[in-house]
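Welcome! Here is a short briefing to read alongside the structure, arranged by topic so that you can look things up as you go.

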Amino acid sequence: MPARKGTAARVTRAAAPLLWLGPAIALVGVVVIWPVVVLFRTSLQHFTPNGFLIGSAGMDNFRALFDEPDLRGILLRTVAWVVVVVAVTMLLSLALAQLFNQRFPGRRVARWALIAPWAASVVMTSLVFRWALDSNSGVVNVFLHDLGLVKFGSNEADWLGRPFSAFVWMMIVAVFVSLPFSTYALLAGLQTIPPELHEAARVDGASPWRSYRSITLPLLRPAFLVAALINVINVFNSFPIIWEMTGGGPGHETSTTTVFMYQLKQAYIGESAAMSVINFLLVIIVVLVFLKATRWKDQVN
Amino acid sequence: MSATVAAPVPRSEATGTERRPSAPRRRSGRTVILALFGYLIAIVFLLPYAEMVITALRPAKELSDRGYVPKHWDFSNFTSIWKTGFGDNLKVSLQVAGGATLVVLLVALPAAYYTARHRFRGRGLFLLLVLVTQMFQPAAMLVGIQREFLSFDLPSPTLSLILVNAGFNLAFAVWILNAYFSSIPVELEEAAMVDGTGRLGAMGRITLPLALPGIVTAVIFTFIAAWNEFIVALTLTSEPSQRPLTVAIHNYIGQYSVDWGHLFAGSVIATIPVIVLFAVIEGKIVGGLTAGSIK
């Protein structure tokens, strides 16, 4: 009897974590992990344009994808999109975090304003920019017209009509919506630095810039890396900005791989899944390279 | 870490008193410049949302005017928008965000509490799962989500959206709640249990109230993320009345023209309360992010 009671108790003890963690594991398993399996499977299947499965496709979807004449440009554009947006965001965030870490009257209210693009829907923020860039009456053009820089309805005023200027503006929007999170992540990092260190440096006669470079920056590294990594993932997967402002067009000339995946999905589910698989693997590779390059383990330990 | 940066410096009285006379004056000049910069940046960050409100209040016939503000202010977009089915979409958004938040709380609270309080086999694996899934985003596996939920054939897309949003926001909630629970000393709970309260009583009376700031942060983050989610909602909904606001806002974009007045009136209704909600927890964000990154 006691022995049986013992095993029963052991079974309950082993099952206890499952009771508490089970729902979380089930939810993540069904909603986050299983779609990855379905995604990989779909990339090897053959579909009709209206979505009927008609059998296996082998590697045909990937072959079709690599034969897309626009793919090269899309890949290069995606790299530019991620690198430029994340780099500019992180640089500006360093400055913003430094500023908003100082005490000044009204800082709280100013910080509330900083949060707006984080809280607001990116879809709606992007639509405001699209409206503000309207070539005939958009407020950006009204402002530039007042400065004598553009003519209404001219080619220059049609910012979203030309691929290059459209892409630059979309990068600006992407930086704008990424800044609040990055700034707050760096603010959190700044608060972990003991003020005595700067005090000591000042007493030693170090200039503020020297103190910033030798104390703040090295100690801010972990927060900076986390923020940069999360930005890389977010910016790579970013869809609404491009979708709302140009739809990826003209043609695919302002698409990134995420937008291209969505465009393909309308009629070529298999090929879209293939693009998605590549996106997914790219994210994983980028994360791993990033972790390795920044010697993540050393940071954590 | 601090040891590598600076050796402790003996602070002499002299340096302390020497700098005192000039410091306040210089600091006040510096403060003014800092404040001006701060306000300028605040204004830049609010400009797009000001333009959103201004356009929503612009009379239709002034939409192509080239002035920063309309000649007349017109509130009719905010009344007529309810005749365009906007109420249905607002309801869907509330259901999706509210439902996802509720599911996340119900699922994340026990998981976070248990991992914070117990050492067990598989704990590391579970936390790794949470960490890794935090890097997964629906956009990267959209086709998989679409085909999976197509095969589930749930009675309404709202249910699918609740599940998807709950799943993708769970990791963050577990992470932040775990950090909060870990920071609450076990002794507090044990003391309550000694006083005759059961384990659940101790949890309800001691731990949950102490973790409330973390719970509020997790709730608001989840709610806002689900409220603003776009690409999955765009993919899983087809009935106009079953779409949440981020997708439904496109009803005002026609083939040849855009009803900017209603579009931005809807955007204002969808955005401004959320910005206010987020501002409410502004003070907790820094703490939340610190807890999230240290763990």
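Helix 3 of chain A passes helix 9 of chain A in a right-handed crossing. In this predicted model, the two pack with their axes 9 Å apart, at an angle of about 145°.

**Helix 3 with helix 9 in chain A**

- To find helix 9 of chain A, look at residues 208-236.
- On the helix 3 side of chain A, the contact is made by A:Trp81, A:Val82, A:Val85, A:Val86, A:Thr89, A:Met90 and A:Ser93.
- Facing them from helix 9 of chain A are A:Phe224, A:Ala227, A:Ala228, A:Asn231, A:Val232, A:Val235 and A:Phe236.
- Sorted by class, the residues of this contact between helix 3 and helix 9 of chain A are eleven nonpolar, three polar and no charged.

**Helix 3 with helix 7 in chain A**

- Helix 3 of chain A (residues 71-101) also packs with helix 7 of chain A (residues 163-191), and here the axes are 7 Å apart.
- The angle between helix 3 and helix 7 of chain A is about 45°; angles under 35 degrees would count as roughly parallel, and 65 to 115 as roughly perpendicular, so helix 3 and helix 7 of chain A are oblique to each other.
- Helix 3 of chain A passes helix 7 of chain A in a right-handed crossing.
- The contact of helix 3 with helix 7 of chain A has 17 nonpolar residues, six polar ones and no charged ones.

**Helix 5 with helix 7 in chain A**

- Helix 7 of chain A packs with helix 5 of chain A (residues 122-132) as well, at an angle of about 140° and with the axes 11 Å apart.
- Helix 5 and helix 7 of chain A are therefore oblique to each other, and their crossing is right-handed.
- Helix 5 of chain A brings A:Val122, A:Thr125, A:Ser126 and A:Phe129 to this contact, while helix 7 of chain A brings A:Trp169, A:Val173 and A:Val177.
- By class, the contact of helix 5 with helix 7 of chain A consists of five nonpolar, two polar and no charged residues.

**Chain A as a whole**

- How many helices and strands does chain A have? The secondary structure comes to 13 helices and two strands.
- The radius of gyration of chain A is 25 Å, whereas the globule rule gives 19 Å for 301 residues, so chain A is more spread out than a compact globule.
- Along its principal axes, the C-alpha trace of chain A spans about 90 × 65 × 35 Å.
- The domain assignment divides chain A into domain 1 (2-42) and domain 2 (65-300).
- The centres of domain 1 and domain 2 of chain A, taken over C-alpha atoms, are 38 Å apart.
- Four residues from domain 1 of chain A and six residues from domain 2 of chain A take part in the contact of these domains.
- The domain 1 side of that contact in chain A has three nonpolar residues, one polar residue and no charged residues.

**Where chain A and chain B touch**

- The contact takes 80 residues from chain A and 77 residues from chain B.
- On the chain B side, the largest share comes from helix 3 of chain B (residues 23-56), with 15 residues.
- The side of chain B that touches chain A has 53 nonpolar, 17 polar and seven charged residues.

**Backbone details**

- Most residues other than glycine have a negative phi, and most peptide bonds are trans.
- From A:Gly249 to A:Pro250, the peptide bond is cis, with omega near 0°.
- A:Pro250 is in the loop between helix 10 (240-245) and helix 11 (257-265) of chain A.
- B:Asp153 is not a glycine, yet has a positive phi of about 55°.
- In chain B, B:Asp153 lies in the loop between helix 7 (142-152) and helix 8 (157-183).

Conventions:
Residues are numbered from 1 along each chain as its sequence is written. Chains are lettered from A and ligands numbered from 1 in the order in which they are written. This is a predicted model: local features need pLDDT of at least 70, side-chain atom pairs count only at pLDDT 80 or more; totals for chains, interfaces and linings use all residues. Two residues are in contact if their C-beta atoms, placed from the backbone, lie within 7 Å. Helices (H or I, at least four residues) and strands (E, at least two) are DSSP runs, numbered from the N terminus. Ala, Val, Leu, Ile, Met, Phe, Trp, Tyr, Cys and Pro count as nonpolar, Asp, Glu, Lys and Arg as charged, and the others, Gly among them, as polar. Domain bounds come from an automatic or database domain assignment. Axes are lines fitted to C-alpha atoms, for helices over the stretch in contact, and angles run from 0 to 180 degrees between N-to-C directions. Angles under 35 degrees count as roughly parallel, over 145 as roughly antiparallel, 65 to 115 as roughly perpendicular and the rest as oblique. A crossing is left-handed if the near helix is turned anticlockwise from the far one by less than a right angle, and right-handed if clockwise. The radius of gyration is taken over C-alpha atoms; the globule rule is 2.2 Å times the number of residues to the power 0.38.
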